[in-house]
Amino acid sequence: MEGTASSSSAGTSQGGSGNPSRPSSDSGRSVLICLLRLDLRIHDNPLFHYAHESPKPIVSSADKTVNLSKVEDEALLGSTADYLLPVFVFDEREMELSGLPGYQRKGPEARTKEYGFWKTGGFRTRFISETVYDLRSRLRAVGSDLLIRFGIPEVVVANLVSAFQAEGTHVEGVWLQKEMTHPEIEVENHILQKLSGTGVPVHFVHSKTMIHPADLPFESSETPDVFTPFRKKVEALGRKMVRPVKPSPAKFKPLPPQIPSTPDYALDVSYEVDVDGLAPRSLETRDKQEGQVSFHDILRFLLTPLNDSQLPPTLEANALLQQRHPASAFPLRGGESSALDRLDWYFVRGKSADSSRWGKADPPPVARYKQTRNNLIGHAYSTKMSPFLAYGSISPRQIWEALDQHEQKFGEDQNTYWVRFELLWRDYFFFVAEKFGKMLYELGGFEQATDPRQAAQKMEDGWWRKWDPLNDGPEHEMTRLLEGRTGIPFIDANILELRESGFMSNRGRQNVASFLSKDLGYDWRIGAEFFQSHLIDYDPTSNYGNWQYVAGVGNDPRASRQFNTIKQAKDYDSHGEYVKMWIPALRNLHPDYVHTPWLLTSEERRRYGLKTTAMDVTIDGYPASPLYEHEGWHRHYERKQGVGSKMHGNPQEKVKDGKAPRRHRPGPYRNHAAMYGALSDRLNTDQLSASAGTLYHSSYEGGPSRNVIPPLRGASGSIGPGYTSRPNAGYMNHGGNGNGYGHGPGLERTHSPFGSSGPRYSRPPPPPMGGPGAPVMPAPVGRAPGNAFDFGPGRTGSAGSADGNNRTRRLK
């Protein structure tokens, strides 16, 4: 409907601007648009809280003036709008959308800047999709809904505003959460530019961090360059450090009765399905109408570009879409519902159908957090809140509140304090990323500001080794590392876990980062972008900030810090259970040698049933030599299983001045299946051969060994040629396409870091097979087919071999 907009409201702004008078409109109705990005929740969401509050008047006098530049004045926000329109846009710059029927990109493929990985890989694509659909379901339950669009958020918002104004509906404002990293801030600036002159104010709320920016005891631009001073200053705020959780309304304002048509790409997503695979009855009670698409359809469209060919027909069913890797340490679905469930179980309740092994008197798992946080197997060893925090399915303040509730019942100790400590680290990375801006993603890192002279030296040609992902073949060091074929079991197992489940432990991430940047000396951004593509819980500040920290270009005061891979492996996987889980070829090795199989002679390898390969990891074969061997590893070669283990806590891991009075001492720590969660039976606690689960062929005897590692390119690769979308007449585009593009013992390395490895280490012969050091492993667990997630029959080809269709799968 054509119409003109009449508006006298204030112009665009970045904070609360009081209570502008409500202008008249042709329809006499007004709408408030809330753009959701990384705040996909209802509870403790300031957008929804203030949208249902009355505007607060600004009271100024001669001796008192309200400073509207203070972000805390967002509390003045309120709304008189009749309708509330929550909007989510799948951003083509972050997620590849070319698999959508008829979608036309307005810009390049959604790949990382330096090394061309897909920005959002298969696991994260699924997790985000689950999160968005869960939010939609929860909004529907309170009388609202979620408008889902595909394209560029600032273009979609500008088109919606124009369409509403054209039909005579007053747009009260556009609200969104304030982000703190450069790409997201660019989106905010473009929204401000596009809405300039429309009379529609833009307001930002702050809920990204646990500590509200207005409550910092310093300006955000003065955030300390090192974490400890930051922590001490904010902890001095005491109870004022964290604001209370904001309640959500029981009933939401309705959506506008009709959403005006815009040129943005849209699909009819009204068809309901059981997104989580948990409903007691099927939601598909009627046939899809022409043009309707389900959650499964959307996910299939989004996964298609991540593969070389169309996905198999099995993707039409629930099996693969709801598949969780049987060995995954993060088997949870995306969304606020799952986040609240996990929060209640881990911090408050402590026993449920999923945690039956906890005794009735046992406190919930957080009571053992400091003891188990560095473990590697199962879902219960850490909070697993990071994926939910990354997309705002839960707020850090909700976790803080859950800790308060736990301490009221069980008392405060180092376990609960350590979770608070980690939340402060998360906040610190956000504030320091906001302070340094683009440096978060640059080779020189934050060190360009904190130590320009040292940063300049590290940015000289030759300091960092480079990698050409399209031309360096499968034998290249970096290709072997990112495919988990280094011949160093602890590194390979962590890479395999990431590529097959979308998750990696904190301990694994630190070791992989140190190995890539310090041992091999490669550009740390290779690893950061690889993690960005594969990690379910990718967050730019934590990911790039931690990679900088480990690589020595961030805010680590000891920039030369370096991890000893073998020491770490025997500290945190002292019995080899984790390595054996992910590398089936090593499952028969004695724990004393599982982390150093290159020390075995050919006869010893034969006795253990371990075949020798040049660089491939197969169902029964493993490389004879490691890709790299540091001299510092040698002193840990003779260390026996269990000696010096830190799997049940590190007594040397302390926080200076981190005072946490112990009012309650939990019972003695029990090392049993409970630490792994309840993902397996009592006898075989996650002792499955994870990678072997993808290989059900019986042709290995007498046949050539085949690599179990999927290549970076090919049917499951994250690097490779672009995808050409295929027309699909079965699905209609209910909106068309927009026409604008709106984006505008570490050693200090003073010379070449690459030396020859030390002499081969002599050691006593291995103990006989079949003893206590050779555990019986259960049969491999089969998995559903598929390739977008780096597991399934399609991933059995070697990096240099042909797949089932005789296509060569090799990096070029």
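This is a predicted model: local features need pLDDT of at least 70, side-chain atom pairs count only at pLDDT 80 or more; totals for chains, interfaces and linings use all residues.
A residue is counted as buried when its relative accessible area is under 20%. The bridge connects distant parts of the chain: E336 belongs to helix α8 (residues 336–349) and R138 to helix α2, 198 residues apart.

The protein contains 22 helices and seven strands. Of its 812 residues, 61% are buried.

Helix α16 spans residues 489–501. Its 13 residues extend 18 Å from the first C-alpha to the last, close to the 18 Å expected at 1.5 Å a residue. Burial here is complete: 13 of the 13 residues of α16 are buried, so the helix is largely enclosed by the rest of the structure. G502 follows α16 and has a positive phi, near 80°.

Salt bridges number 34 across the whole structure. R243 is partly exposed, at a relative accessible area of 22%.

A further bridge joins E447 to K458, whose closest N and O atoms are 3.4 Å apart. E447 is in helix α13 (residues 447–450) and K458 in helix α14 (residues 452–458), so the pair ties together parts that are 11 residues apart in sequence. E447 is buried, with a relative accessible area of 6%. K458 also counts as buried, at 7%. Elsewhere, salt bridges with shared partners join E114, K466, D523 and R525 into one network.

Aromatic contacts were examined next. A pair of aromatic rings is described by the distance of the centres and the angle of the planes. The search of the whole structure returns 38 aromatic pairs. One of them, F117 with F530, is edge-to-face. The ring centres lie 5.6 Å apart, and the planes are at 65°. F117 sits in the loop between β2 (83–91) and α2 (122–141), and F530 in helix α18 (residues 524–534), so the pair ties together parts 413 residues apart in sequence. F117 is buried, with a relative accessible area of 0%. F530 is likewise buried, with a relative accessible area of 0%.

Ring pairs also build a cluster. Its members are F218, F227, F230, Y417, W418, F421, W425, Y428, F429, F431 and Y549.

K384 lies over the face of Y381, 3.4 Å from the ring centre. The charged end of R509 sits over the ring of F503, at 5.3 Å from its centre.

Helix α19 (residues 540–551) contains N543. This residue, N543, is buried, with a relative accessible area of 7%. Leaving aside residues up to four places away in sequence, N543 touches A528, F531, Q532, L535 and Y538.

Technical notes
Residues are numbered from 1 along each chain as its sequence is written. Side-chain values use heavy atoms; hydrogens and water are left out. Helices (H or I, at least four residues) and strands (E, at least two) are DSSP runs, numbered from the N terminus. The expected span of a helix is 1.5 Å times one less than its number of residues. Buried means under 20% relative accessible area, exposed over 50%, partly exposed in between (1.4 Å probe, protein chains only). Rings of Phe, Tyr and Trp (its six-membered ring) pair if their centres lie within 6.5 Å; planes under 30 degrees apart count as stacked, over 60 as edge-to-face and the rest as tilted. A charge sits over a ring if NZ of Lys or CZ of Arg is within 6 Å of the ring centre and within 35 degrees of the ring normal. Contact means heavy atoms within 4.5 Å. A salt bridge is a side-chain nitrogen of Lys or Arg within 4 Å of a carboxyl oxygen of Asp or Glu.
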